Amino acid sequence: MRTTATSRSSAPPGLPVRPLPASGRQPRRPQRSRPALDWRIRFCALALIWGCSFLFIKLGTDGFPPLYVSFGRMFFGAAVLVATLAVKRERLPRSARTWGHLAVAAFLLNALPFSLFAYAELRIPSTLAGICNATTPLWGMVLSLVALSEDRPTRRRFAGLAIGFAGVLTVLGAWQGFSGQDAAGTVMALVASASYAVGWIYVRRTLADSGDSNLSKSGAQLLLGTLQLAVVAPLVAPVPASFPAVPVLAVFALGALGTGLAFLMQYGLVAEVGPTTATMTTYLIPVVATVAGVVVLGEQLSWNTPVGAVIVLAGAALTQSKAGGRAREK
């Protein structure tokens, strides 16, 4: 099946989206009333929510072990989506096969990367974690060369890959021997970003034609991810005995806003303005993460961090371009 921009990158990190039909055309939808808020306001709000997620992770790990931060994130995110399903009177998927694939997707797109980012932020600044998150399109291109034969590489996209990883080396200060950066924390954040790319390839191969709505699949996926961490977290760390206010609020915001509400906002933007415009939030997330880390947490920022971030984003943009430089949005 030919893939499209929607199936590749239009959903928030960790949540599946249904691809367009093989014809590449959007099916006709019944006309809906115009949203109360202009799409530009919702676009900025979405970038702000996702960019602040790395701040919320840092605040959450001040009070709870990383696995419990990830568990809370998925619990509150799932609660928002399940409540929305109930309001819209939609059902969770019924096929056992779909649930099986969603369990794998929940691990690759939620449980593993959420936990790795939480562990990483015990060692690295939230600003660096946000920039590492922006490398997902770069990993996606590398993996697509192996796993998705129909996703043909171009010289432009190869150039984007090289530029993007040059940006990573700039962020890390490679010319000075990566001094000042925690190698283990940085690797965990990069592996988390790569896990998103692996998960998206898996979703595209296994869940594209399940027949279930995005909301139904995403709600089930977060429920499964919550269950996975509910089993694993107590085996790794003791159950928290206290619940400090700031970490609790941070985890709630991370889940209810950054994982639950953000999905609903993104889905609405894709439907209204198309996937290409909607996914431009990707390029604002590290900017917001950097500002939040510096202003709220007082994290130090050397010149190579923002410069490297710009290079990473430029490379990521090139890897998403089509042959001839034209992006499809139908």
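Analyst: This is a predicted model. A crossing of two helices may be described by its hand, and here α2 passes α12 in a right-handed crossing. The contact is made by Ala47, Leu48, Trp50, Gly51, Cys52, Phe54, Leu55, Lys58 and Leu59 of α2, together with Ile285, Val288, Ala289, Ala292, Val296 and Leu297 of α12.

User: At what angle do α2 and α12 pack?

Analyst: The angle is about 45°, and the axes are 8 Å apart. The two helices are therefore oblique to each other. As background, an α-helix has 3.6 residues a turn, so residues three or four places apart point the same way.

User: How do α2 and α10 cross?

Analyst: The axes of α2 (residues 39-60) and α10 (residues 245-273) cross at roughly 150° and come within 8 Å. Angles over 145 degrees count as roughly antiparallel, and α2 and α10 are therefore roughly antiparallel to each other. The hand of this crossing, in which α2 passes α10, is left-handed.

User: Is Ala292 buried or exposed?

Analyst: One compares its relative accessible area with a cut-off: under 20% counts as buried. Ala292 has 8%, so Ala292 is buried. This residue is found in α12 (residues 285-297). Leaving aside neighbours within four places in sequence, Ala292 is in contact with Leu55 and Leu297.

User: Which residues have the most contacts inside the largest nonpolar core?

Analyst: They are Phe54 and Phe117, in a core of 71 residues. Not counting residues up to four places away in sequence, Phe54 touches Phe117, Glu121, Ser126, Ala129, Gly130, Asn133, Ile285 and Ala289.

User: How may I check the span of helix α3 against its number of residues?

Analyst: One works from 1.5 Å a residue: the 23 residues of α3 (residues 66-88) should span 33 Å, and the end C-alpha atoms are 33 Å apart, which agrees. After α3 comes Arg89, whose phi is positive, near 60°.

User: How many helices and strands does the chain have?

Analyst: The chain has 13 helices and 0 strands. Buried residues account for 52% of its 330 residues. To read the contacts, one considers separation along the sequence: among contacts between residues at least 6 apart, 88% join residues at least 24 apart.

Conventions:
Residues are numbered from 1 along each chain as its sequence is written. This is a predicted model: local features need pLDDT of at least 70, side-chain atom pairs count only at pLDDT 80 or more; totals for chains, interfaces and linings use all residues. Side-chain values use heavy atoms; hydrogens and water are left out. A nonpolar core is a set of buried Ala, Val, Leu, Ile, Met, Phe, Trp, Tyr and Cys residues joined through side-chain atoms within 4.5 Å. Buried means under 20% relative accessible area, exposed over 50%, partly exposed in between (1.4 Å probe, protein chains only). Contact means heavy atoms within 4.5 Å. Helices (H or I, at least four residues) and strands (E, at least two) are DSSP runs, numbered from the N terminus. The expected span of a helix is 1.5 Å times one less than its number of residues. Axes are lines fitted to C-alpha atoms, for helices over the stretch in contact, and angles run from 0 to 180 degrees between N-to-C directions. Angles under 35 degrees count as roughly parallel, over 145 as roughly antiparallel, 65 to 115 as roughly perpendicular and the rest as oblique. A crossing is left-handed if the near helix is turned anticlockwise from the far one by less than a right angle, and right-handed if clockwise.
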